Amino acid sequence: MSQAKRAPKPRIDPAAPERFINRELSWLAFNTRVMEEADNRQHPLLERLRFLSISASNLDEFYMVRVAGLKGQVDAGVDTPSDDGMTPAQALAAIHEKAHGLMQDQQRCLGTLLTELREAGVVVVAPEELTPAEHEWLERHFMANVFPVLTPMAVDPAHPFPFVPNLGFGLILSLFRPSDARALNALVAVPPRIARFVRLPGSAIRFLPLERAISLYLGHLFPGFEVRGHGMFRIIRDSEIEVAEEAEDLTRTFETALKRRRRGQVIR
């Protein structure tokens with residue numbers, strides 16, 4: 001075909017939104033690739049677990065900073081599209097959809113890794129798998145090392161829901177006392193300074209998650225109450241730091257910002 005008969009190429013508008021990739025969605029795609037390394041059987045098993053852990057901590061930071069920034073724009077009424085054509089509200093909706101799929105993949109991957117770890121002799125046990133000897137040792141360990149640093153808190157009109165710091169993790173409980181038919185909602189925060197997994201005694205490599213250990217001995221925390229229901233929660237707060245360029249004392253400004261960061265708004 002001669003040069004004269006070739007169809008002209010369509011002109012590309014340099015400012016067209018379809019030429020740009022949303023920054024946050026691009027980051028989620030990157031973190032998905034990090035998580036996919038946990039499925040790569042060419043890596044050692046514990047390295048695959050590390051990749052999964054990295055993807056989870058990355059996602060925490062993503063919500064603490066980038067999603068928090070977008071939510072701040074939405075709350076401020078900003079509806080100006082970015083270069084990719086998305087408003088902050090549209091970007092948040094797309095982020096939540098992609099992040100939900102990523103978290104489902106993380107849970108699936110975790111289940112696979114736990115199964116492979118069990119086959120390799122590293123077992124994360126459920127409470128019903130504990131032997132009588134392990135139960136006896138675990139209760140002694142709980143009373144000596146865990147019970148003294150726990151603070152059980154009632155949640156009712158006289159005791160409002162307590163402040164939970166950023167990345168705080170705990171148990172929420174529905175309790176009932178048969179002696180006087182009293183119902184009680186309560187919270188037990190899991191201290192971050194205690195190891196998240198309890199290594200059980202013996203030559204076998206067996207671990208029990210700390211929150212499972214706590215749930216076994218709630219009778220020590222709430223004497224006389226029966227547990228009607230319980231669940232676990234984790235809080236992620238806005239940790240974005242904004243520093244004015246004209247700040248006179250940057251050291252003091254950052255100290256104040258870091259203190260305020262701990263009590264940022266919860267990211268929903």
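Me: Which residue does E136 form a salt bridge with?
Reply: In this predicted model, E136 pairs with R140, and their closest N and O atoms are 3.4 Å apart.

Me: Where do E136 and R140 lie?
Reply: Both are in helix α4, which covers residues 132-146. They sit four residues apart, about one turn of the helix.

Me: And is E136 buried or exposed?
Reply: E136 counts as exposed, at 51% relative accessibility. The cut-off for exposed is over 50%.

Me: OK, new topic. How many salt bridges does the structure hold?
Reply: There are 12 salt bridges. One of them joins R108 to D39, with 3.0 Å between the closest N and O atoms.

Me: What does the pair of R108 and D39 tie together?
Reply: R108 lies in helix α3 (residues 88-119), while D39 is in the loop between α1 (23-36) and α2 (45-75), so this pair ties together parts that are 69 residues apart in sequence. R108 is partly exposed at 42%, and D39 is partly exposed too, at 31%.

Me: What about E116, which residue does it bridge to?
Reply: E116 bridges to R41, with the closest N and O atoms 2.9 Å apart. E116 is in helix α3 and R41 in the loop between α1 and α2, so they link parts 75 residues apart in sequence.

Me: Is E116 buried or exposed?
Reply: E116 is buried, at 14% relative accessibility, whereas R41 is exposed at 60%.

Me: Which residues are linked in a network with E116?
Reply: R41 and R48 are linked with E116 in a network of salt bridges.

Definitions and conventions:
Residues numbered from 1 in each chain as written. Predicted model: local features only at pLDDT ≥ 70, side-chain atom pairs only at ≥ 80, totals over all residues. Heavy atoms only, no water. Salt bridge = Lys/Arg side-chain N within 4 Å of Asp/Glu carboxyl O. Helix = DSSP H or I, 4+ residues; strand = E, 2+ residues; numbered from the N terminus. Buried < 20%, exposed > 50% of the residue type's maximum accessible area, 1.4 Å probe, protein only.
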